[in-house]
Amino acid sequence: MKRLILLLALAIPFAACSEDAEKSKWDFTESCTGNDCPNTNPNPNTNPNTNPNTNPNTNPNPQTSPVLNSEFVSGHLGNYASCPDEGYTPDAPAGESGGAFAGDCAEDNCGSLNCDTAQITFTITNSGQVEGLGLEIQTIELYDNDGTLVAELPVMEVLDMDEDTSAPMSSINANTTKLFMVMFQGPAQPWELLSTDNERGYGHSGTVVIRFKSSNHADFLLKSPLIYVLDNIAT
Amino acid sequence: MRRIVPIFCLLAACTGQEPSDFVAGETPDSIDWLIGNTSSYLEDSQWRRSELEASMWRPDLPYAQKRLDAYALPSGGWDRLREFNPTVTSVGDAPKSTHIDEALPTSRQAWIDLGEQVFWNLPMRRDGYLDYLIDEPELMKEVGIQTDESGNIRGLVRYNDAFGKERVALTCGFCHGDQGIAGAANQDLDLGRARSIVEERLGVDSGESYHWGPGTVDVTDDNANDPVAIPNLWNLKDQQYINRSAAVALASPASIAIRFETQYIEGQSMTGRPPRVLTWALAMFVYSLDAGTSPELSGNGFDLFVAECGSCHRPDQAFGGGLIPATALNSDPKAANSGLRGTGFYKVPTLLGASNSTRFMNNAAVESLSGVLSSGHPTGQMLSSEDEKQLLKFLNSL
């Protein structure tokens, strides 16, 4: 499958969250309304199976607008143990810390042992009667298990998983569900970035929120369940 | 004769969990049960969900959470992944391409045959270091990787991943196909050493991260060196748990199919899922495996076994059993206490195949049965030499 580099990624303001920066807790009210908002449960650990993104869009006139929502399929935070320079670090601009991320890591998972790019697979459904236009990923936010925003992770590329020949995630037809995968720069040192007092063992997990925008639909969100660093040995 | 009765077992240290809807020993045949529930597994996500939940008896563990968060949900989740069943090519002197037919088998033997194909051919996990090793026959030999009679590496395949990139992946047979015998653990396989060698070549200092030893793999990313022995896959029908730390209960034969399905998903970095007909067939094939031994269940050796070992290693449970607290053993408890999949217990492993084994205990630290008896394992330490001889004779018949 061909890949589509989402140029948007390079245009995203890389809001690196330094340790000194004020971290924000789960708070989605500023950028979403009504049923588009994700569950604001402060402890995502206790809410594993309730995907908050299945709520129908409450657009008052579905006949003239698309009705868009997104649902989580799978994902992980990558594994940068053998290529720490490829991962996200809060103290370096994404373009620097991941200088090769759009090249080496994206092409061959860095060609090393434990080196996998973070990714999330998701669906976007347009249950309306009008094509959804201008679809883009605005941001990918990473929250720790206490619900604290710890990073805005740079998008690398988006793949259309339904097409033999990929098409940009720029539009979605009416009454259609499509499968996408976004690859992004995961944390190089998750044991530091995601460490919380409540973390059990060495799980290195967090919750990701993807914010989408569309030119003819309100912004909408996808909140993942807890996702983890990819195992060194998955078995 | 002086004997130490393993009192801790009698005090219910060896516990077990009754399967939810499948009673081992009462359901006549696990493979028949699987065949009879084929449509449920293939078509009913709620059924699969309930079977998953029954097998995840410690839902608080991250290992379980990952699966409970993603498998057989009402919508979305791993069910929505694309099916992934690539054409594979064996690696070695006589490359041969194989594509596993997904047509629904129509007989018991056809199911088992399909499962055998899956066992040897479906890419379970891609491991980057294997790309380097396949061109280094001497190194492969050094780390216990085997070749078959054709000169192909046993259990290793090339394929194109979900993005079309050529990869090398191991199949079930790589670790559990010693000398071409499906189900037999390759106890010489030293994947930690293999990783260290490759990292050295890449200029990465891995320190002691991969000092696991032959026949073991560290399956937990918990910042601890806690490898566990690669198990034989004998007589699953009589067992209650899988994984050394017993993270998965065999609540029914479906537990193992779901275990395989989710294992393939993780092994492919969650980019696809295997067709369920293949994992269902694989479950049947693995349920068909046994050690091929015929121990005599009478005589002094057997009586000694029952008295000394039988309360944990139960003859009616493939000479294995339920759970034993890690603290009750004097072997390394780290894997049982891992934050990711540690239950605090080890499963009591089946002793079937012990006669052909060179690694014993959860971490493969003991290399002989007599070594087990003399290493502080809670049995056999005070046997007379004649009784020990009789007990070892029986153990060597398993």
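**Cysteines and overall build**

Cys83(A) and Cys115(A) are both buried, meaning under 20% relative accessible area with a 1.4 Å probe and protein chains only, where exposed is over 50% and partly exposed lies in between. This is a predicted model, so local features need pLDDT of at least 70 and side-chain atom pairs pLDDT 80 or more, while totals for chains, interfaces and linings use all residues. Side-chain values use heavy atoms, leaving out hydrogens and water.

The two cysteines are joined by a disulfide, S to S 1.8 Å, a bond called when two cysteine sulfur atoms sit within 2.5 Å. That rule gives 1 disulfide over all chains. The link between Cys83(A) and Cys115(A) is right-handed, with 100° about the S-S bond. Cys83(A) sits in the loop between β1 (68-76) and α2 (94-97) of chain A, and Cys115(A) in the loop between α3 (101-108) and β2 (118-126) of chain A, so parts 32 residues apart in sequence get tied together. Helices (H or I, at least four residues) and strands (E, at least two) are DSSP runs, numbered from the N terminus.

Over in chain B, Cys172(B) is buried at 13% relative accessibility, but its sulfur is 9.1 Å from the closest cysteine sulfur, that of Cys175(B), too far for a bond. Cys309(B) is buried too, at 9%; its closest cysteine sulfur, in Cys312(B), is 9.1 Å away, again too far for a bond.

As for overall build, chain B has 15 helices and 11 strands. Buried residues account for 61% of its 398 residues, and its C-alpha trace spans about 65 × 50 × 40 Å along the principal axes.

Technical notes. Residues numbered from 1 in each chain as written. Chains lettered and ligands numbered in written order.
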